[in-house]
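Good morning, and thank you for making time for this presentation. Please have the sequence and the view at hand.

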Amino acid sequence: MRRFGGLAALTALGALSAAIYAGALPAAAWLRVELLAAHPVVVAVLFVLYLAAAWLVSVRILPTKKALVVVLGFGLLFRTLMLPTPVCLSSDLYRYLWDGRVQLAGVNPYRYAPAASELTHLRDGEIHSRINRPGARTIYPPAAQWLFALAAALAPGSIVGWRLLLLLFEVATVAMLLVLLRRLGAPPTAVIMYAWSPLVVFEGVQAGHVEAAMISVVLLALLVRQTGSSVLAGAALGVAVLMKLYPAVLLPAWWRRDDWRFPAATAATVGLGYLPYVAVLGAGALGFLPEYLASPEDHNIGLRALLTHPFGFTGEVARSVAMAFLFVAMAAALVVIGRRARQDPPGLWQASTLAVAAYLLLVPTAMHPWYVVWVVPFLCVRPSPAWLWFSGAVTLSYVAYVVAPAPLPWWAWLVEYGPLYVLLLASAARLARRTPGAMALRPS
């Protein structure tokens, strides 16, 4: 039976987590431990506290307003504590600030790489010197560029300013999650799965990845899609695609074969977003994307590594064949998910969960921790043990940057992906014992 006494334990877990968020990086610096090396250990401790808090909320605490205030209050505190911290996980944030600066200077962000002589007058020692791939043009789509320009206009060159902007998007994400949970009949305190997730806190406000903004637009599109507005839902999904391209996997998952307005609105939004850049640069408006796809990173790859490396298939031909196979498998899975999905709120939520999971499972390119963040909102209703594990374990991919040589050690890969595949297979086995109709309704 649920008891109010669990609220004190939840508060204690929140306070302890806040102390770790506040003190971990200074402690690592004081101990002279590289911040990136300390990060997986810090996340492991926070992840255990997060699981304990989520368990308390699900089985011991009544979903009262007081409990919700505790959940939301600590979620906001965790993110606020990240605002002044040093950039230590990824240098992507500097590219965002640079792209914003370039746009405010009246330069098309897709025209020149940061190292181009035409941009010499914009360089400084704080941002330009820390950009990764300075010889490559930007890879980020137009809506992300608009966001970078907005941040540059509001707080030029400010890391804290960018983080504050993402914090506003995070508040919007949590607000929309609460609406979605109400529609699905889930307790509002289930939002703890997102609000307290160490992966979300670190890869969002701390690392400053644009995914923190993209998720709020994806949830907005889902909210609108649940109301049956095809054009508005398609437009919102199109904006999400214009922030990060991979939300496009939701298009077949949400599409009804008798409704062409939805995919048309999505395609039109994406097309209009790119049009001003394509009109000037043609295919150059894609920036670094073609080069990236031609020679994708092999950092922390998942299923493709399992299908090829144990058999010695590590050459270019084997890689190309495996990538093509997995992309086709992903497309087929998304079509099946869309055809089986119900169009009521629970059905669309489950279709979204399955589509995101299919993408993360089958995508044959690099798997950075921030790519996993967008599965976390969908853990609020029915947490998948497999994806819950991966949302914590994927942080081990940072080990590749602190060991020599650089490739991810086999043990780190095994800890990340081994339990994920075992738990997914166990879930599939349970579903196989159910009726076919039930298999179509429950995400793994």
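Let us begin with Ser-197, in the loop that connects helix 7, residues 192-195, with helix 8, residues 198-206. The model before you is a predicted one. Is Ser-197 buried or exposed? Its relative accessible area is 1%, under the 20% cut-off, and therefore Ser-197 is buried. Setting aside residues up to four places away in sequence, Ser-197 touches Tyr-21, Tyr-50, Ile-192 and Val-376.

One of those partners, Tyr-21, takes us to helix 1, because Tyr-21 also belongs to the contact that helix 1 makes with helix 3. Helix 1 covers residues 6-30 and helix 3 covers residues 65-82; the two pack at an angle of about 5 degrees, and their axes are 9 Å apart. Angles under 35 degrees count as roughly parallel, and helix 1 and helix 3 are therefore roughly parallel to each other. On the side of helix 1, the contact is made by Leu-7, Leu-10, Thr-11, Gly-14, Ala-15, Ser-17, Ala-18, Tyr-21 and Ala-22. On the side of helix 3, the residues are Lys-66, Ala-67, Val-70, Val-71, Phe-74, Leu-77, Phe-78, Leu-81 and Met-82. By class, this contact has 14 nonpolar, three polar and one charged residues.

A second pair has another geometry. Helix 4, residues 92-104, packs with helix 6, residues 159-183, at an angle of about 95 degrees, with axes 11 Å apart. That angle falls in the range of 65 to 115 degrees, and helix 4 is therefore roughly perpendicular to helix 6. Which residues meet here? Leu-93, Tyr-94, Tyr-96 and Leu-97 in helix 4 meet Ile-159, Trp-162 and Arg-163 in helix 6. The classes in this contact are six nonpolar, no polar and one charged.

The buried ones are Ala-386, Trp-387, Leu-388, Phe-390, Ser-391, Gly-392 and Ala-393. What covers them? The cover includes helix 2 (35-59), helix 7, helix 8, helix 16, helix 17 (369-372) and helix 19 (410-432).

Helix 16 spans residues 345-362 and holds Val-356. Val-356 has a relative accessible area of 0% and is buried. Leaving aside neighbours within four places in sequence, Val-356 is in contact with Leu-250, Trp-374, Val-375 and Phe-378. Leu-250 is 106 residues from Val-356 along the chain, and their C-alpha atoms are separated by 7.6 Å.

Not counting residues up to four places away in sequence, Ala-212 touches Leu-166, Phe-169, Glu-170, Thr-173 and Gly-204. Ala-212 and Tyr-421 are 209 residues apart along the chain, and their C-alpha atoms are separated by 27 Å.

Two backbone values deserve attention. Arg-133 is not a glycine, yet has a positive phi of about 50 degrees. Arg-133 is found in the loop between helix 4 and helix 5, the latter being residues 142-154, and at 41% relative accessibility it counts as partly exposed. Asn-300, likewise not a glycine, has a positive phi of about 55 degrees. Asn-300 sits in the loop between helix 13 (289-294) and helix 14 (303-308). With a relative accessibility of 3%, Asn-300 counts as buried.

Finally, the chain as a whole. The protein chain has 20 helices and zero strands. The C-alpha trace spans about 70 × 60 × 50 Å along its principal axes. How does the radius of gyration of the chain compare with that of a compact globule? For 444 residues such a globule would have a radius near 22 Å, and the chain has 22 Å, which agrees. Buried residues make up 54% of the 444 residues. Of the contacts with a separation of 6 or more, 77% are between residues 24 or more positions apart. The chain exposes about 18,700 Å², and carbon and sulfur atoms supply 70% of that area.

Terms used
Residues are numbered from 1 along each chain as its sequence is written. This is a predicted model: local features need pLDDT of at least 70, side-chain atom pairs count only at pLDDT 80 or more; totals for chains, interfaces and linings use all residues. Side-chain values use heavy atoms; hydrogens and water are left out. Axes are lines fitted to C-alpha atoms, for helices over the stretch in contact, and angles run from 0 to 180 degrees between N-to-C directions. Helices (H or I, at least four residues) and strands (E, at least two) are DSSP runs, numbered from the N terminus. Angles under 35 degrees count as roughly parallel, over 145 as roughly antiparallel, 65 to 115 as roughly perpendicular and the rest as oblique. Contact means heavy atoms within 4.5 Å. Ala, Val, Leu, Ile, Met, Phe, Trp, Tyr, Cys and Pro count as nonpolar, Asp, Glu, Lys and Arg as charged, and the others, Gly among them, as polar. The radius of gyration is taken over C-alpha atoms; the globule rule is 2.2 Å times the number of residues to the power 0.38. Buried means under 20% relative accessible area, exposed over 50%, partly exposed in between (1.4 Å probe, protein chains only). Accessible areas come from the Shrake-Rupley method with a 1.4 Å probe; for residues, only the protein chains shown count as cover.
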